[in-house]
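The sequence and the structure are shown first.

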Amino acid sequence: MSFQSGVFYTAEGYISCAYHDLDGRLQSWVKPMNGRTYLEAIRLVVTTSPLWFMSIIIGVILLILVPKMWAFSWDGLPYYCFLYLLFGTHFIFPKSLKKYHGAEHKVFSTRGRINRFRLPAIKRATIKNRGCSTGLVTVYFLSLVCLWIVLYIWLPAHTSLMISSYFSLFVVLFYHLFHRKNWMKWPERIVLYISYWLQEHVTTIEPSQKHMLCAVESYEKLGFQVFSDQLIFKRLSAKQKEVKKMPIADVTIIPIGTSTPSVSSYVAKIQLVLDEYKLEGKLTFELTPMSTLIEAELPVLFEVIQKIHELPFENGVNRVATNIRIDDRRDKQSTLDSKRRSVKDQLNKEKS
């Protein structure tokens, strides 16, 4: 699910969220799926939505409820207008929401690993998504129009519209439960044709780098929470079968133009990212007073370097200088510990 400032993902009883705060900094969290988390998600959606968008939603709700609560000559909008509001907001999404929606779709459409290192490939993925809620919106209004036309032959316009509005909700539920069945192939093909057109021209906009980073961050956050145990187990199993030769990188990341000479807050954020990778068994690292030493397989090494290089930008810095030295030895296994031991052995020989 996308909203005005970010993206939610859900799986295995957890909700992850990545969003840009008022200062444009990328924030993220993953929490158990419970009432408190839902309230936090609703708060984010409501407080970040533009005034005009919320005014339309609140205005329609008031036009439905207020005349029915007080003795007005007009009875207000019928209750089934709640369904129009529920499904119809897709057609008036704010521009920023459409971009986060597009980024969400590209993440789901990408084959292979979802991470920042593969961001260019993810951005090239199709913006059309088969599982998008736009498909259910299409089913609802398509069913509404068809049923209303049929019922209008025998019933008054208002009555046929009311019946069609409520009954179409059951059509949506039926489609959601059975649209993957073989006997639903043709109806689904019609729905997807309309849904894909709406996704390309109405409900999404091509996302920028900012929106893609947000969607990937939310997806990674959820994946780490839900699948970390499996990743660690697979990693350990792989280590039992073969010994990997992993290069060592000496990385220094220097944010430029900060309000203070201290960079410890940025170093701390970088270490949190490295801790996540270490917990997954992807790398080992060592923080030194002047730089960080990272030992990992080459693809992971480049992935994590790109990720920590982006961190200062996500926290408001406009310029970053990153120095990288990579020691990649292929003739024998070389690790941080083995290099230290080798120096100590040579030192002992010299002393003796």
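## A hairpin and its neighbours

Strands β6 and β7 are joined by a hairpin of four residues. Strands, like helices, are DSSP runs numbered from the N terminus, with at least two residues (E) for a strand and at least four (H or I) for a helix. The model is a predicted one, in which local features need pLDDT of at least 70 and side-chain atom pairs count only at pLDDT 80 or more, while totals for chains, interfaces and linings use all residues. Residues are numbered from 1 along each chain as its sequence is written, and side-chain values use heavy atoms, with hydrogens and water left out.

Strand β6 (residues 283–287) pairs with β7 in the antiparallel sense over five bridges; two strands count as paired if DSSP finds at least two bridges between them. Within this pairing, F285 has I294 of β7 as its bridge partner. Strand β7 also pairs with β5 (residues 248–256), again antiparallel, through four bridges. Here A249 stands opposite I294 in β7, and V251 has T292 of β7 as its bridge partner. Strand β5 is in turn joined to strand β8 (residues 319–327) by nine bridges, and these two run antiparallel. I253 is bridged to T322 in β8. In general, the strands of a sheet pair through backbone hydrogen bonds, either parallel or antiparallel.

## Burial of strand β7

Four of the five residues of strand β7 (residues 292–296) are buried, so this strand is largely enclosed by the rest of the structure. Buried means under 20% relative accessible area, exposed means over 50%, and partly exposed lies in between (1.4 Å probe, protein chains only).

E295 lies in β7 and counts as buried, at 7% relative accessibility. Leaving aside residues up to four places away in sequence, E295 touches M246, P247, I248, K282, L283, T284, T335 and L336. A contact requires heavy atoms within 4.5 Å.

Four strands form an open sheet with antiparallel pairing, in the order β1-β2-β3-β4. Its edge strands are β1 (2–3) and β4 (26–32), each of which pairs on one side only. Two bridges join β1 to strand β2 (residues 6–11), and the two run antiparallel. The bridge partner of F3 in β2 is G6.

E12 is placed in the loop between β2 and β3 (14–20). The phi angle of E12 is near 50°, a positive value in a residue other than glycine. E12 counts as exposed, with a relative accessibility of 64%.

T134 is found in helix α6 (residues 134–151). T134 is buried, with a relative accessible area of 1%. Beyond residues up to four places away in sequence, T134 touches H90, H101, S195, L198, Q199 and T203.

K269 belongs to helix α10 (residues 264–279) and counts as partly exposed, at 35% relative accessibility. Its contacts, not counting residues up to four places away in sequence, are L311 and N315. K269 and N315 are 46 residues apart along the chain, and their C-alpha atoms are separated by 9.9 Å.

## Overall form

The protein has 12 helices and eight strands. Its radius of gyration is 27 Å, well over the 20 Å that the globule rule gives for 352 residues, so the protein is more spread out than a compact globule. The radius is taken over C-alpha atoms, and the globule rule is 2.2 Å times the number of residues to the power 0.38. Along the principal axes, the C-alpha atoms fill a box of roughly 105 × 50 × 35 Å.

Of the 352 residues, 40% count as buried. Among contacts with a separation of 6 or more, 68% are between residues 24 or more positions apart. The protein exposes about 20,800 Å², of which carbon and sulfur atoms supply 62%; accessible areas come from the Shrake-Rupley method with a 1.4 Å probe, and for residues only the protein chains shown count as cover.

The mean positions of the 44 positive and 29 negative charges are 4 Å apart. Lys and Arg count as positive and Asp and Glu as negative, whereas His and the chain ends are not counted. Each charge is placed at NZ of Lys, CZ of Arg, CG of Asp or CD of Glu.
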